[in-house]
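Trainee: I would like to go through this model with you, one question at a time. Please end each answer on the value or name I ask for.

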Amino acid sequence: MEPASKTPIVPGEWLEALAVRVKLHRTEWRVLAVVISSPRPASAARVAKRLTLDYGLVKRSVRELVRWSILERTPAGLRFQPDHTRWGPPRPRSRAG
């Protein structure tokens, strides 16, 4: 018997909410799709290789998705954040004055 996959099941209504609430660029959607469909946490390098995209472009996309709390970095790699209540624009950086 094979172990159960730890890939989160993403309800369609969450993806619909994501599509409506957050304006993602095409590359960010592609990166998100690879991470969601991956059976284990993925690295930016693996995502770039799978999409045949420049690593720097993928890193920028990942950084933005992490800032929006759509992806999270873990010691094992990138994971989709299925809690849609956490998705949203990044907080402005405070300036020490």
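Mentor: Start with helix 4, which has 13 residues and reaches 18 Å from its first C-alpha to its last, close to the 18 Å expected at 1.5 Å a residue. The expected span is 1.5 Å times one less than the number of residues. Helices (H or I, at least four residues) and strands (E, at least two) are DSSP runs, numbered from the N terminus. This is a predicted model, in which local features need pLDDT of at least 70 and side-chain atom pairs count only at pLDDT 80 or more, while totals for chains, interfaces and linings use all residues. Residues are numbered from 1 along each chain as its sequence is written, and side-chain values use heavy atoms, with hydrogens and water left out.

Trainee: What pattern does the protein chain follow along the sequence?

Mentor: The secondary structure comes to 4 helices and 2 strands. Read along the sequence, the pattern is α-α-α-α-β-β.

Trainee: Which residues of helix 4 are buried?

Mentor: Buried means under 20% relative accessible area, exposed over 50%, and partly exposed in between, with a 1.4 Å probe and protein chains only. The arc is that of the directions from the helix axis to the C-beta atoms. The buried residues are V58, S61, V62 and L65.

Trainee: Which elements are included in what covers the buried residues of helix 4?

Mentor: Contact here means heavy atoms within 4.5 Å. The cover includes helix 2, helix 3, strand 1 and strand 2.

Trainee: Which residue caps the N-terminal end of helix 4?

Mentor: Look for a side-chain oxygen that lies 3.1 Å from the backbone nitrogen of G56. A polar contact is a pair of N or O atoms within 3.5 Å; within protein, one must be able to donate a hydrogen and the other to accept it, and residues adjacent in sequence count only if both atoms are side-chain atoms. The capping residue is D54.

Trainee: How far apart are the closest N and O atoms of the salt bridge between R67 and E64?

Mentor: A salt bridge is a side-chain nitrogen of Lys or Arg within 4 Å of a carboxyl oxygen of Asp or Glu, and a search of the whole structure finds 1. R67 and E64 both lie in helix 4, 3 residues apart, about one turn of the helix. R67 is partly exposed at 37% relative accessibility, and E64 is partly exposed at 25%. The closest N and O atoms of the pair are 3.0 Å apart.

Trainee: Is T52 buried or exposed?

Mentor: T52 is in the loop between helix 3 and helix 4. T52 has a positive phi of about 50° although it is not a glycine. Its relative accessibility is 70%, so T52 counts as exposed.

Trainee: Which exposed residues are on the face of helix 3 turned away from its buried side?

Mentor: The buried residues of helix 3 are A44, V47, A48 and L51. They line one face of the helix because they fall within an arc of 100° seen down the axis. These residues pack against helix 2, helix 4 and strand 2. The face turned away carries K49 and R50.

Trainee: Which residues does L65 contact, leaving aside its neighbours within four places in sequence?

Mentor: L65 is among the buried residues of helix 4. With those neighbours left aside, L65 is in contact with L24, E28, V31, L32, I70 and L71.
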